[in-house]
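Me: I'd like to go through this structure with you. Can we take it piece by piece?

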Amino acid sequence: MFKRYFEKIWVQNVTLLVLTALMVYYFAFVFEFKYDFDWAVFTHKGQYGHMGLLMLEGLNTTLTITLYSSIIALAMGTVFGLARLSKFKPVYWFATCYVELFRNTPLLIQLFFWNFALPYAFPEDLRLKLFDMHFEFWCATVGCGIFTGAFMAEIIRAGIQSIPKGLLEASYSSGLTFSQTLRKVILPLAFREIIPPLGSEFLNNMKNTSLAMTIGVTELCWSMTEVYSLTYRTFEAFSVATLVYLAMSLAIAGILYIVNERLKIMSPDRTTPLRRVADILFWPLDFLGRKLEYVFWYFRKSPDQRTISPLRQSLRVVGKQTILSLKILFVATLAYVLYEVGTAVYHFNWEIIWANLKTLLIWRFPDGDDTEFFLGLGGLAGSLLMAVISIVGSFLIGLVLGMGRTAKNRVFRIPSLLYIEIIRGIPLILVILWFYQAILPVVFKVDLDAFWAATIALTFFFGAYIAETVRGGIENIPSGQVEAAKASGLTYFQTMRKIILPQALKQMLPALVGMFIADFKDTSLAYIIGVMELTRAAYAVNNRIMVHPFEIYTTVAVLYFVFSYFMSLYAKRLERKLSPEAMRIEM
Amino acid sequence: MRVLKITAMAALLVLAASVAFAGPTYDRVMSTKVIKAGLSNQGIPFGFINDKNEWVGFDVDMATEIAKRLGCKLEKVVVNNNTRISFVQTNPPKVDMVLSNMTHKRVRDEKIDFSITYFFDGQKFLARKGAVKDVKDLANMKIGSMQGTTSIVNAKAYLQELGNPNPQVTGYDGEVAMFEALNSGRVQAISTDSTLLLGYAAKVPGKYELVGDFISDEPYGIGLPQDDSAWRDTINFTLQDIWKDGTYKKIYDKWFGPNSDYPFPLTSKIEMWP
């Protein structure tokens, strides 16, 4: 009886309302914050200046970095995504190196490398000139762009490759030229495939710009830390920054939703109101496209032109030779770059690396104080441990939330949805700070080592991402199976345990390995609260030696890369094993 | 039913977590015999990691000495410029005391309490040898400082006084990044408490020099939880005892004495109560 009532929408709504009311009551009246909120810090000028204005300046910088780095990322992604499909092997190898190298090292390490190590590669005059031009800002912008570009390249490549070969054959055999096929078949189809993942990359990119604070760019997170370290208003600063990031995420998600609506195929007599809005918003682009089409029409080749004029012939030869010389030039440049990198590596101060390798791998493991985390375990071992613990925890959270999100019942669906969307809208750096400085000590009144605080934060953060993976897995199972299970009398949990989850988990495996890699890379952010993981250990070593940043950051990047890369190879093998029909098209 | 059980379990867990002890710091320290001290690990020579990966420094030694005299075990917790105040501000405090080259300021004293001054410093500028002939040269230079400190505010105000209405002061994330900025040439001078500057200048001997006068007074105090006078008294008395029997001088000379890497003569005296 209870169950039947629970299926009614109004009962669910009431339950949700009651739960919300209970939460509000608990935190407003029962729970003792022992903290006086004072929002006036943002509206009044204090001893150290106007904090509201400081936040606004930070927001401005964040938006600027986001915009520029998105453009860079899209450009890099398109170029390298196409290059990954190239038949010319050097181009393919180069693009592959770019993608693998930048996807498998943490952004934080990349930023440190660009900022702390790269300038020393230039002669002094040039370096000083660079520093005169907002070096940190451009470092962060280009760094984020290159990083996100590597992910976009893979998405774009996958999008183009997802077009069935049969369609291409059909388009060629119906007489379309290559450029026509590209314009009429490949790109429209690929775009539809690409837009959702590309959108989430734009969102990630926006969140990633928060790392720019670590190299001294005065963006939103930087302003936030400045506010709470000057006014000691932790909760207020965190809340405002979080809300601003959430608003930006929502805005990006909204834009993408509209774009998605515009790309959907629907019959003209059954358009949704949103589609009409999207149509109006995209009218200028449509208009431009139609006009371009019109222009192209006049430049088309007439089909009856069977013979080639001598001029055209020579043009063709010149074109071919240009391409050949470009290829040679490319290979030569590549060889030169490789040679330079080789000599640079050869001249590394290997002694420094050897002397500190143990530190980077296990920090001071057996000799640490008994008050330190696990006898001073840290470095790469600490990062791996953190990643393993948090991914196991977040898998459990993700399983529950993913099931909750697919549930029909609102009482489970809406809270899961809120959790997933809120966590996914906030930069990880903020989640870690929230847990370490606000949620654990103030709300739960537990006092944990920074290692555990960071691990818990990572667990909750990746729980939201894994939930989405789980949801995808569950939704992929044909609904007939659910109906069959229901008809044979299985309960919801039995259906899930015996039928849906075993299949869904198998499909999710590659994605889960991918999540593990992401988690491992993101442990680098625990550096911000002083956990002695690999990044912080590198920072400490660099602090001590000071004069060999190149060697240290390269070593650390290699350490991160080796682990992530082999895991991603494993994920790829899994994927191939589970879906053998995937294949490669070439351009 | 199952749902109910799970809910009940969750509620119990939350309850258990919120019954964590709270109370005056003095009582807690004396009953658990553990002092949690917030220390920086990237500020040479106050708290940093040495080449044996040990966490050492003047502040670390002072904290160890205090813990020893109170018969407690010392638990070191990393703080940085952004967290050193909020960690004693939470309730219960995340740390019992903070020694992180922190200047005793009135604004800060509104949020937390401070011990008597245990170190005397002042803010200065560090620049490449010979780069600054006259203090006025600083006005139009690019200056680096540290995020989350008052050094950045002081430096801005000083440069404005020198006649640059719009000074370029960048706040880097910690001492390391700040010194790296000077070393690589992205700023022409850096500014913070002079002993920190000395600590980093000693990394590259003979290349950098302190310029100008002290632009501010930076008396360091130990940050303590607000309104806990039993605990504050204990710390103050301990500090004075450390000074009285000469241990202070020993620790001081170890880090700042004439034979140390960062010589900085001791000119002031700790406040002594008869």
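Me: What kind of model is it?
Reply: This is a predicted model: local features need pLDDT of at least 70, side-chain atom pairs count only at pLDDT 80 or more, and totals for chains, interfaces and linings use all residues. Residues are numbered from 1 along each chain as its sequence is written, chains are lettered from A and ligands numbered from 1 in the order written, and side-chain values use heavy atoms, without hydrogens and water.

Me: How do strand 2 and strand 3 of chain B pair?
Reply: In the antiparallel sense, over 2 bridges. Pairing requires at least two bridges found by DSSP.

Me: What order do the strands of that sheet have?
Reply: The order is 2-3-4 in chain B, in an open sheet of 3 strands. Strand 2 (42-43) and strand 4 (55-56) are the edges, each pairing on one side only.

Me: Switching to chain A. At what angle do helix 8 and helix 9 pack?
Reply: About 145 degrees, with axes 10 Å apart. Helices are H or I runs of at least four residues. Axes are lines fitted to C-alpha atoms over the stretch in contact, and angles run from 0 to 180 degrees between N-to-C directions.

Me: Which residues of helix 8 meet helix 9 there?
Reply: Leu167(A), Leu168(A), Ser171(A) and Tyr172(A). Contact means heavy atoms within 4.5 Å. Among their partners in helix 9 are Phe178(A) and Leu189(A).
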